Amino acid sequence: MSTSRSETTSAPVPDGPGGVPGGGPAGRAAPEPGGDLLAALLDGMDAALCAFDAGGVVTHWNREAERILGWPAEEAVGRHGFAGWAVRAADADEVRGRIMAVMDAPGRQVHEFALLRKDGSRVLVRTQSAGVRGADGSPAGVYCAFSEVHAQIDLERAIALSEALSEDGSWGVVLVDVDLRPTVVNAYAARALGTGRATLLGRPLGELIVRGVEELEGALQHVLAEGAPTAPTEVWVTLRTAEGERRRCWRSGFLRLASPLAEEPVPLGVGWLFQDVTDARLAEQDADRLRFRSNQLHRASRIAAECEDPMEAVASHLDFALAGFADHALVDLAVGERLVRVTATPAGAPGPAAAVAGGGIPVRYPAGHPALQAVDRIGSVRASAGAGAEQWAAERQWPSDAAHALCAVLRSRGRTLGVLTFLRGPSRPAFERPDAVYAESVAVRVAAAADLAQTLGA
């Protein structure tokens with residue numbers, strides 16, 4: 001329904017000689033106390049409104065009614081019902097009967113009628129009618145508010161959509177005010193944020209989002225200032241939950257909300273719609289990582305096949321394996337019951353793996369060292385430093401910038417040949433199970449080249 005100004009005209013009430021109300025000029029009701037206020041109220045209505053007295057004569061007709069049907073108030077007020085002008089003759093009695101029946105009934109009644117415009121076209125309207133009582137409580141007339149059915153249906157659809165989104169759906173919906181505080185949170189969004197719907201209202205988003213809140217609030221502020229972006233965006237956040245911190249990826253869309261009642265757009269806040277796509281994005285990352293690592297293994301194998309010295313092949317495998325995976329790599333081969341460092345990357349700065357100068361001296365690994373555990377278990381061992389990473393690395397004979405370690409046993413022809421160790425710095429995440437699988441794949445190739453070197457050197 002459109003907003004428009006309205007005009008109210010009262011029907012003439014015969015009162016004096018010649019049918020002049022109160023003896024005044026014919027055609028208008030005499031001014032009454034509060035009449036200007038009533039006219040102003042009806043003037044500001046968004047809905048079309050007409051009223052009938054107890055005899056069915058039109059007494060009020062506002063500007064919205066004129067807009068819909070085309071009949072001005074001067075031509076509508078004073079007519080007896082809609083017959084002969086605003087409704088077909090065949091429908092006049094039924095329409096009049098339905099409208100006037102509410103005068104003796106409690107509450108409101110809703111009907112749909114096909115009315116006639118002044119130009120002769122028809123329009124389907126939905127009406128809400130209610131009786132009007134006089135000072136003594138007797139029926140005094142009927143008022144009827146109406147609107148075009150399609151406009152009413154559009155409004156009902158908008159309300160239904162708003163309520164459905166605010167309850168539940170396949171997308172999270174959060175409405176935030178201009179201070180970026182949530183005012184409406186649907187069930188999906190509450191589950192995604194790990195809290196109750198009412199609990200989040202009025203609270204800063206930073207109370208639940210540990211990392212990524214600056215990016216999210218920046219997007220909301222941009223929408224308030226500049227309007228909605230043309231495409232959805234993906235935001236990675238870390239949530240604080242009762243089970244600990246969780247990293248999530250939300251595919252988000254934003255809408256700037258403005259009041260439809262203001263002459264100029266007044267921002268009410270932002271509608272934030274999002275969907276959790278963490279699983280899909282992690283699956284894509286895993287697939288990309290697996291594809292890259294498989295390609296690295298393939299390239300390393302081709303390069304190693306061209307190396308005359310098997311230990312050069314070992315270094316080639318390490319160089320390709322380190323890309324995007326670790327910061328350092330060490331190869332310790334078993335000599336008797338001791339492990340001897342034979343190949344390593346530079347300790348101070350990134351560089352290619354190379355044979356250790358002056359090798360042959362056993363490394364002084366203490367009992368319980370991850371490399372010794374890998375030998376004992378004949379499997380992979382992961383370890384990470386807590387506080388004091390530099391001391392942790394020094395105690396284990398590793399470069400000082402190591403904070404995470406992954407030791408994979410070297411096996412060939414049913415024998416344990418040594419240990420391959422990958423190290424990451426403190427700025428990188430700890431090794432996980434998929435990383436161990438990749439390290440074991442590299443260890444198989446390194447073990448084969450080291451076994452060949454020992455066979456040729458025997």
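What follows is a short talk about aromatic rings in this predicted model.

Reader: What describes a pair of aromatic rings?

Author: Two things do: the distance of the centres and the angle of the planes.

Reader: Why is the pair of W61 and F82 called edge-to-face?

Author: Their ring centres are 6.5 Å apart, and the definition asks for centres within 6.5 Å. The planes stand at 75°, and over 60 degrees counts as edge-to-face, so the pair gets that name.

Reader: What makes this pair a tie between parts apart in sequence?

Author: W61 belongs to strand β2 (residues 58-61), while F82 is in the loop between α3 (73-76) and α4 (89-101), so the pair ties together parts that are 21 residues apart in sequence. Both W61 and F82 are buried.

Reader: Why is the pair of W250 and F274 called tilted?

Author: Centre to centre they are 4.9 Å apart, which is within 6.5 Å. W250 sits in strand β10 (residues 244-258) and F274 in strand β11 (residues 267-276), 24 residues apart.

Reader: How do you know that the charged end of R424 sits over the ring of F325?

Author: The charged end of R424 is 5.4 Å from the ring centre of F325, and the distance cut-off is within 6 Å. R424 also lies over the face of F431, at 4.1 Å from the ring centre.

Notes
Residues are numbered from 1 along each chain as its sequence is written. This is a predicted model: local features need pLDDT of at least 70, side-chain atom pairs count only at pLDDT 80 or more; totals for chains, interfaces and linings use all residues. Side-chain values use heavy atoms; hydrogens and water are left out. Rings of Phe, Tyr and Trp (its six-membered ring) pair if their centres lie within 6.5 Å; planes under 30 degrees apart count as stacked, over 60 as edge-to-face and the rest as tilted. Helices (H or I, at least four residues) and strands (E, at least two) are DSSP runs, numbered from the N terminus. Buried means under 20% relative accessible area, exposed over 50%, partly exposed in between (1.4 Å probe, protein chains only). A charge sits over a ring if NZ of Lys or CZ of Arg is within 6 Å of the ring centre and within 35 degrees of the ring normal.
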